[in-house]
Amino acid sequence: TSIELDVDQWRTLETLAAAEGQTVPTLVRRAVDVFIDRFASDRVSPMGGLADLAAEIQRRVPPDWTPDEIEADITLAREEVRQARRAARGG
């Protein structure tokens with residue numbers, strides 16, 4: 001099977017795949033699986049999006065992280081977003 005991607009899509013996929021220690025084809029198959037899971041069912045659970053998000057977060061958290069390390073990472077990320085928003089507003 002072949003798909004056509006623009007240069008930016010390909011570069012982004014290469015970067016994401018490298019960060020995950022995966023190949024681009026593996027990453028694309030995972031993305032297709034998520035797409036199929038999300039859109040192929042006739043019923044959409046109101047909590048489905050939240051459950052998917054929680055599952056994705058769990059997959060990305062290193063297994064040896066403690067709850068305190070996870071909380072610290074979330075806090076840091078939240079502060080980075082706040083700083084970026086303040087900078088965008090000029091404040």
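Patches, as the word is used here, are made of residues with over 30% relative accessible area and no salt bridge, like charges being joined within 9 Å. In this predicted model, one such patch carries positive charge and is formed on the surface by Arg78, Arg82, Arg85 and Arg89. Of these residues, Arg82 is placed in helix α4. With a relative accessible area of 43%, Arg82 is partly exposed, because the range for that class runs between 20% and 50%.

Confidence in the prediction was examined along the chain. The mean pLDDT of the chain is 83, and a pLDDT of 70 or more is reached by 90% of its residues. Among the elements, helix α1, which covers residues 7–20, has the highest mean pLDDT, at 91. The lowest mean among the elements, 76, belongs to α3. Where pLDDT is low, predicted coordinates should not be read in detail.

A patch of negative charge is also present on the surface, where Asp64, Asp68, Glu69 and Glu71 gather. Asp64 belongs to the loop that runs between α3 (48–60) and α4 (67–89). The relative accessibility of Asp64 is 61%, so this residue counts as exposed.

A further surface patch is nonpolar and consists of Val32, Phe35, Ile36 and Phe39. Together these four side chains account for about 420 Å² of accessible area. Ile36 is part of helix α2, which spans residues 24–39. Its relative accessibility of 44% means that Ile36 counts as partly exposed.

Salt bridges were then considered. Four of them are found when the whole structure is searched. In one, Arg59 pairs with Glu56, and the closest N and O atoms lie 2.7 Å apart. Arg59 and Glu56 are separated by about one helical turn, because they stand three residues apart in helix α3. Arg59 has a relative accessible area of 53% and is therefore exposed.

Glu56 also meets the side chain of Arg60 in a salt bridge, with an N to O distance of 2.6 Å.

Another salt bridge joins the side chains of Glu79 and Arg86, at 2.9 Å from N to O. Glu79 is partly exposed, with 29% relative accessible area. Arg86, at 34% relative accessibility, likewise counts as partly exposed. Elsewhere, salt bridges with shared partners connect Glu20, Glu56, Arg59 and Arg60 into one network.

Helix α1 also contains Ala19. At a relative accessibility of 66%, Ala19 counts as exposed. Ala19 and Ile3 are 16 residues apart along the chain, and a distance of 22 Å separates their C-alpha atoms.

Methods:
Residues are numbered from 1 along each chain as its sequence is written. This is a predicted model: local features need pLDDT of at least 70, side-chain atom pairs count only at pLDDT 80 or more; totals for chains, interfaces and linings use all residues. Side-chain values use heavy atoms; hydrogens and water are left out. Patches are made of residues with over 30% relative accessible area and no salt bridge: like charges are joined within 9 Å, nonpolar side chains (Val, Leu, Ile, Met, Phe, Trp, Tyr) within 5 Å. Accessible areas come from the Shrake-Rupley method with a 1.4 Å probe; for residues, only the protein chains shown count as cover. Lys and Arg count as positive and Asp and Glu as negative; His and the chain ends are not counted. The place of a charge is taken as NZ of Lys, CZ of Arg, CG of Asp or CD of Glu. Helices (H or I, at least four residues) and strands (E, at least two) are DSSP runs, numbered from the N terminus. Buried means under 20% relative accessible area, exposed over 50%, partly exposed in between (1.4 Å probe, protein chains only). pLDDT is the predictor's confidence in each residue, from 0 to 100.
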